[in-house]
Amino acid sequence: MQQTLPPGIERVLIDAREIAAANARMAAEIARDYAGLSIVLVGVLKGAVFVTADLARALADVPGGPTDVQLDFIAVSSYGNAHRSSGEVRLIQDTTHHIEGRHVVVVEDIVDNGHTLHYLRGMLGNRKPASLRAAVLLDKPYHRALDVPIDYTGLTCPDEFVVGYGLDYQERYRTLPYLAKLRPEVLPA
Ligand code: PRP
């Protein structure tokens with residue numbers, strides 16, 4: 001049956017089943033690497049809210065993984081209301097955990113030019129965690145400005161402006177259960 005899409009959405013690029021499979025793959029890798037350890041997942045708000053929650057629950061489904069998975073969040077912004085990242089990252093809300101000595105996995109919805117993850121790796125790395133890795137649902141490598149390491153990658157993002165599953169355009173479309181392409185006429189020329 002043809003799916004009715006909201007106004008502004010051209011087509012579904014990655015459906016909910018593919019997203020869940022990508023989260024399960026990342027969870028299996030994280031579970032293997034942190035077996036028997038306590039970890040903190042640090043979700044990057046707002047975009048990574050759904051992937052952080054789903055990855056945490058997928059981790060709980062893997063036998064023999066970390067002994068303890070704690071959740072924290074950090075909020076940064078680089079896009080503002082624009083559709084291209086400015087490269088200037090602002091901290092809006094810090095973590096609540098003290099991460100010194102902890103095993104930390106930063107969870108991002110997308111890495112595009114790389115400024116946000118580069119900033120977070122620098123800032124969190126300065127706090128002397130026991131280890132610091134990054135899990136990223138969507139790697140969008142086409143416009144990378146900084147070569148930032150990604151330890152766990154869910155999917156490669158098509159070279160499109162993608163919304164849904166946490167990703168927004170001007171705060172809209174975040175709650176769509178799939179990743180979708182915006183109609184070009186929605187974006188400024
Ligand atoms: C988006 C996304 C990443 C970042 C990636 O966040 O959630 O955090 O941009 O872009 P980059 O690799 O080009 O730096 P945004 O600043 O739009 O805030 P949001 O998560 O609240 O939507």
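Let me begin at the ligand, where a polar side-chain atom of Thr 116 lies 2.6 Å from one of the ligand's oxygen atoms, a polar contact being a pair of N or O atoms within 3.5 Å. Please keep in mind that this is a predicted model, in which local features need pLDDT of at least 70 and side-chain atom pairs count only at pLDDT 80 or more, while totals for chains, interfaces and linings use all residues. Residues are numbered from 1 along each chain as its sequence is written, and side-chain values use heavy atoms, with hydrogens and water left out.

A backbone N or O atom of Lys 46 also lies 3.0 Å from a ligand oxygen, and an N or O atom in the side chain of Asp 168 is 3.1 Å from an oxygen of the ligand. The protein covers 93% of the 500 Å² of accessible area that the ligand has on its own, as given by the Shrake-Rupley method with a 1.4 Å probe.

Which element gives the largest share of the shell around the ligand? That is strand 5, with four residues, strands being DSSP runs of E of at least two residues, and helices runs of H or I of at least four, numbered from the N terminus.

Turning to the sheet, six strands form an open arrangement in the order 4-3-2-5-6-7, with mixed pairing, where two strands pair if DSSP finds at least two bridges between them. Strand 4 (90-93) and strand 7 (152-156) stand at the edges with a single partner strand each, so one side of each is left without a neighbour in the sheet. Strand 6 (residues 131-139) runs parallel to strand 7, joined by four bridges, and Leu 138 has Leu 155 as its bridge partner in strand 7.

Notes:
Polar contact = N/O pair within 3.5 Å; in protein donor to acceptor, adjacent residues only side chain to side chain.
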